[in-house]
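This report describes selected features of one protein model. Please examine the sequence and the structure below before reading on.

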Amino acid sequence: MQKIAAPRGTADIYPPESERWQALEVCVRAIARRYGYGEIRTPTFEATELFVRGVGETTDIVSKEMYDFVDKGGRNLTLRPEWTAPVVRALLEHNLLAAGPQRLYYVGSIYRYERPQAGRYRQSHQFGVECFGFAGPEADAEVIALANDVMRENGVPVKLALNSIGDELCRPRYRRVLYEYFAPHRDFLSAVSRERLERNPLRILDSKEPQDRALIDAAPTMLEVLCEPCAAHFAAVRGLLEGSGIEFVVDPGVVRGLDYYTRTVFEFVSAELGAQATVCGGGRYDGLVGSLGGPPTPGIGFALGLERFLMLLAKRGDDQSDVPVGIAVIALGEEARWRTVPLIATLRRKSGATPILADYGEAKIAVHFRRAERANARAAVIVGDDELARGEVVVRDLAARAQWTLPQDPSADVTAQAVLAWYAALPSAPPAAA
Ligand code: ATP
Ligand code: MG
C-alpha cells in the first residue's frame, strides 16, 4: 500500500532534534520571564476577518499566504499566520488592558501558504513578545534588548538593523515621495513591485527581486521624511540602545511586511542563512489595537522564527544533545527481566533528570549494548541469572567499556541508590571509545 507523506512545507520533529527545540524553548521562556512577560496561548485558527483587518490587505500574508477555509457551519476561518493580531484580539476580548500595560510572550506555530525552501515552510514556529501600553522609546529598547539577549545567550552571530517608518502623519507623505520616485521607472520594476507601486509603494522596499535592487538602493529614505516627533522618538531609541551597549546599524531598507507597524522597526539578520536571512523581526504598532476596536493603545513586539534560529545554532556546532546521558537497564533472561521491573521503577523515581532506559527485548548482551549506545545511554546496569544468584548487579561505563559489580540489596531502593551514586561519580565528559 502507498504510504502517506506529511503535507508539503511541514516537518516532523523527533529525537534528537526535538531536544534542541526543547532546549531553545526553555531558554526563550526563561528570558521572557526575566523581563516580566507572561505566556499567552491563543487558538490555532481565528476569524479570517481578524487578519484582513489586523495585518492588512496589501500584505503578502493576507493577499496570498493565508490558509483560510470555510468550516461546516459556514464560518470563514484562517490558520494563524502570525500572532500579533490574535494576541490583540484576546487582550480586547478579556479586557486585559483595563489592568494597565501588558507584557506577553508566545511560542507556537504559524501557517503560511509559501513556496517551501530552506528556512521557509508552510507550518513554522515563532517565539515572540508583545508589550502594550507604553508609547515611549524605553519600551522599544526593552523589547529589542530582550531579543538581543536571546541572540547573545545562544551565541548566534546576527546583525541588528533598525529603522523608523514614521506614523500616520509622515508615512502618507513618504508614500507619495516613493510613488513619485518609482513611477517614472515603472517599466524597470519587477511585476510584483509594479503592482505594489499602485497599492502600497512602501512594500517595494521589501522586494526580494534582484532586478529591483538598484532602484531601491537609490530611493529616498523614510528617515528624510520623518515628522519631528517621529524623528525624536527614533533618536531616543538609538540613544537608549547605545547606552545599553547593543550594537545596531540604521538600515532604511527595513520596512517589514505588515501594515500595522509605526515608527520603530527592526530585524536581526544573519549572513549564514542565505536568502532567508531574517531570523527575527519586529516593530512598534501604535495603531493596531485601535484598528481592532480597542482603546488607542501603543504596542511593540517582535517575532523570532524558531526554525531559522535552530539553523543558526546548528551552524555554531557545539551541540550538546548528542552527549551520552542516562542509564540503560539490561535484563538477561525472563526471570531477570521480571525481577528487574521494581529496580527500573525505583531508579526512575529517584534519578532526577537522568533518563532510565529499559530494554525489554530478548537478545545477546552485545546486541543490548549496541541498542543502549544507539539510545545514547552513558551507562548500563546488567542483571542476568548469575547476578541474581549471587545477589549482584553489573554496572557498565558504556563509553570506557569498563564494568564493575555492585551488591543487589533485597530492597530495590538500596540498590537504586547504589547505582545512582556510582553513575554520579562517572566522569561527565566520556573518554573517547577505544
Ligand atoms: P520573510 O521576509 O522571510 O518572508 P516575514 O517578514 O514574512 O519574513 P515575519 O512575518 O516578520 O516574517 O515573521 C518573523 C519571523 O518568522 C521571520 O523573520 C522568520 O524567521 C520567521 N518566518 C516567517 N515566515 C516563515 C516561514 N514561512 N517559514 C519559516 N520561518 C518563517
Ligand atoms: Mg514572509
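Helices H1 and H11 are roughly perpendicular to each other, a term for angles of 65 to 115 degrees (under 35 counts as roughly parallel, over 145 as roughly antiparallel, and the rest as oblique). Their axes come within 11 Å and cross at roughly 105°. H1 covers residues 17–34 and H11 covers residues 306–316. Axes are lines fitted to C-alpha atoms, for helices over the stretch in contact, and angles run from 0 to 180 degrees between N-to-C directions. Helices (H or I, at least four residues) and strands (E, at least two) are DSSP runs, numbered from the N terminus.

On the H1 side, Arg20, Trp21 and Leu24 meet Leu306, Glu307, Phe309 and Leu310 of H11; contact means heavy atoms within 4.5 Å. Of the residues in the contact of H1 with H11, 5 are nonpolar, none is polar and 2 are charged. Here Ala, Val, Leu, Ile, Met, Phe, Trp, Tyr, Cys and Pro count as nonpolar, Asp, Glu, Lys and Arg as charged, and the others, Gly among them, as polar.

## Basis of the model

The model is predicted: local features need pLDDT of at least 70, side-chain atom pairs count only at pLDDT 80 or more, and totals for chains, interfaces and linings use all residues. Residues are numbered from 1 along each chain as its sequence is written, chains are lettered from A and ligands numbered from 1 in the order in which they are written, and side-chain values use heavy atoms, with hydrogens and water left out.

## Backbone features

Most residues other than glycine have a negative phi, and most peptide bonds are trans. The peptide bond from proline 15 to proline 16, however, is cis, with omega near 0°. Proline 16 lies in the segment before H1.

Arginine 263, in strand S9 (residues 262–269), has a positive phi, near 55°. Arginine 263 is buried, at a relative accessible area of 16% (buried means under 20%, exposed over 50%, partly exposed in between, with a 1.4 Å probe and protein chains only). Asparagine 376 also has a positive phi, of about 70°.

## The nonpolar core

A nonpolar core is a set of buried Ala, Val, Leu, Ile, Met, Phe, Trp, Tyr and Cys residues joined through side-chain atoms within 4.5 Å. The largest one has 92 residues, and Phe182 and Phe309 are among those with the most contacts inside it. Helix H5 (residues 137–153) gives the most to this core, with 9 residues.
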